[in-house]
Amino acid sequence: KTGMPDADTQEKGFVNHMADKEQRAGRSSPAGMQVPEGEKKLHEAVCVLLVELCERFTFFGIVCNMILFCTARLGYPSHQAAMVNMCFVGTSTLTPVLVGWLAEYLVGRTKLVCICMFLHFLGTALLPVVSFPFEDVHIDRRHVLLTLPKREQKIVFYFALLTASLGIGGIRAIVCPLSAYSLEDCGPKELLSFFNWFHWLVNLNSAVVFVSISYIQQSVARNLGFLIPFVSGLMAMITIHMVRGEMIYKPKADSSLLTTFGVIFSALKTCCVRHRYLSTAVPSWLDHAKENHGGHYSETQVEGTKSLARLFPLFTFQILYRTCIMQIPSGYYLQTMNSNLHFGGFVLPVAAMNVISIVPLLILVPILECINSWLLSSKDAGHSPTIYIVVGHLSAALSVMAAGISEIHRKHFPQVEQTLSEELLLVSSMPCFHLAPQYILLGVAEALVTPSCSLLSFWLVPERMRGISMHFLALFNGAGCFMGALIVQTAHAGTQGSWFPHLLHEGKLERFFFFLASLMMVNTLGFWAIAHRYNNLHEDCTNGFRGSLPGEKLLKHAKAIKHYNSVLESSPILSPVEKT
């Protein structure tokens, strides 16, 4: 009795959604001319991709030399500078989840994107204030040094990072959500291809940023370097303003994070009460949240949460992997900074070594596309790319192990003087290119793991849960960044600075790398043990409950009705009387 109105309401919602979609497709241009749908979609895709690249430009521009700035200008020890960098990356990863929730339930999307653009502008504008020393000011023929005191400088710096990360979160969540790329009707092969090329473009952009901005910040005019994120952020805001009617994507109503957490807490609460007083057998502990088992949530909501809970082991094993990836802007950066950067009379920027980790990804993506076309071409097999994740995790463990070996090798070289950001440092005379293997191995890991995890997170849940699934993947990736900062702080405090020293030649940084490599090896074996759960994409999604949810069935019926109507409209055989 109670199930019929619920299904009726869902059916009306899906029909209204399809009607809105058709109405949007036939929207007129300002001049009253009908815009072809294909041209409109291409225009939207180009605009979204442009803003995505501009946002990444600002993000990598802030990250690429933050450790050098914190140690040389703010006087931070090495471990603290690495922690600041990792926490900023983690915050920028988590803010899209928070901003997406605010846009959906508390603040309107248009209003919130304006607020986030302002925060992004404010943060990128304040960073030059911190970095620019105003040393060349002359008043009445007297040279005057105008600079912020250290305490105020740090306050402005942290405030700028916080506002910039909130702005980045708003752009990623509202202007450039994954749903804006219209991936609903794509199969596993098309999705993996999309994620491969999407990350390929992002990393191509980051390679350009690491080379150009790091050189400007370090060698030409280091105080001008933070102006480039400001200019790039301004370009992104102008782009959003010019095409805001096309770009501010309004997703359809989906399950929310609050609903998902509510199902979990309700199931735990009911499960504890039932276990204490009654013993009722249910297929899954999450079934306790259903209304017919004493909970407060519908069967559709609980079944969607159950599909998401299947992915929690996958998400959990990404935490330590993300910690290893975060060694590029932290531990590996410090190693490179303390190595010989001279190459043919030219001083290489420290962050330019990051390009070595990006090159394997740019090369591997076309190769992986050929492999994927064979791996996912068989409709009967439906192979899952979990083998990519296992090999990628192993590559990350080997990379960190290679970093420990490189650190021992680096200390065997005599020390030389090297100037970085107008600071004279004693560094190892080992050429920085000896560190290339560890960068290459992490680049291979990223090429294999990130697109595959995105595919599994997107495909192995019902369509209405895909946004929530990607949010959870972002939450666990952000947790990996903060886990990295926690491990650095624990290693530094627990060994009195020996495992993560300020001066690398006086400490044992290699022990930190070996410890992290051993943890990552255990993590790899753990994921390999459970990888079989995600092996068959077609069995898990086509024949599983993904197609059994009432909402999914209604959406398929609505699409079938729309296709049938279009056939009737375009059929030359039927007469006008028969069509009506």
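Student: What should I know about the model before reading it?

Tutor: The model is predicted, so local features need pLDDT of at least 70 and side-chain atom pairs count only at pLDDT 80 or more, while totals for chains, interfaces and linings use all residues. Residues are numbered from 1 along each chain as its sequence is written, and side-chain values use heavy atoms, with hydrogens and water left out.

Student: How many helices and strands does the protein have, and what share of its residues is buried?

Tutor: Helices (H or I, at least four residues) and strands (E, at least two) are DSSP runs, numbered from the N terminus. Here there are 21 helices and six strands. Buried means under 20% relative accessible area, exposed over 50%, and partly exposed in between (1.4 Å probe, protein chains only). Of the 580 residues, 52% are buried.

Student: What span should helix α18 have?

Tutor: The expected span is 1.5 Å times one less than the number of residues. For the 22 residues of α18 (residues 509-530) this gives 32 Å, and the end C-alpha atoms are 32 Å apart, which agrees.

Student: Which residues of α18 are buried, and which are exposed on the other side?

Tutor: An α-helix has 3.6 residues a turn, so residues three or four places apart point the same way. In α18 the buried residues are L509, E510, F512, F513, L516, A517, M520, N523, T524, F527 and I530. Seen down the axis, these fall within an arc of 155 degrees (taken from the directions from the helix axis to the C-beta atoms), so they line one face of the helix. V522 and L525 are exposed on the other side.

Student: What covers the buried residues of α18?

Tutor: Contact means heavy atoms within 4.5 Å. The cover includes α12 (312-325), α13 (331-337), α15 and α17 (466-494). For a case in α15, take V390, which counts as buried at 13% relative accessibility. Leaving aside residues up to four places away in sequence, V390 touches T524, F527 and W528. T386, also a residue of α15, is buried at 5% relative accessibility; its contacts, under that sequence limit, include F527 and Y534.

Student: Where do salt bridges occur, and how many are there in the whole structure?

Tutor: A salt bridge is a side-chain nitrogen of Lys or Arg within 4 Å of a carboxyl oxygen of Asp or Glu. The search finds five. E407 and R410 form one at 2.7 Å, N to O; both lie in α15, three residues apart, about one turn of the helix, and both are buried. E510 and K411 form another at 3.0 Å, N to O. E510 lies in α18 and K411 in α15, so this pair ties together parts that are 99 residues apart in sequence. E510 is buried at 8% relative accessibility, whereas K411 is partly exposed at 28%. Elsewhere, E55, R56 and R172 are linked in a network of salt bridges.

Student: Which residues form the nonpolar patch on the surface?

Tutor: Patches are made of residues with over 30% relative accessible area and no salt bridge; like charges are joined within 9 Å, nonpolar side chains (Val, Leu, Ile, Met, Phe, Trp, Tyr) within 5 Å. Areas come from the Shrake-Rupley method with a 1.4 Å probe, and for residues only the protein chains shown count as cover. The patch consists of L394, L398, M401, I405, I408 and F514, with about 470 Å² of accessible area together. Helix α15 (residues 386-411) gives the most, with five residues.
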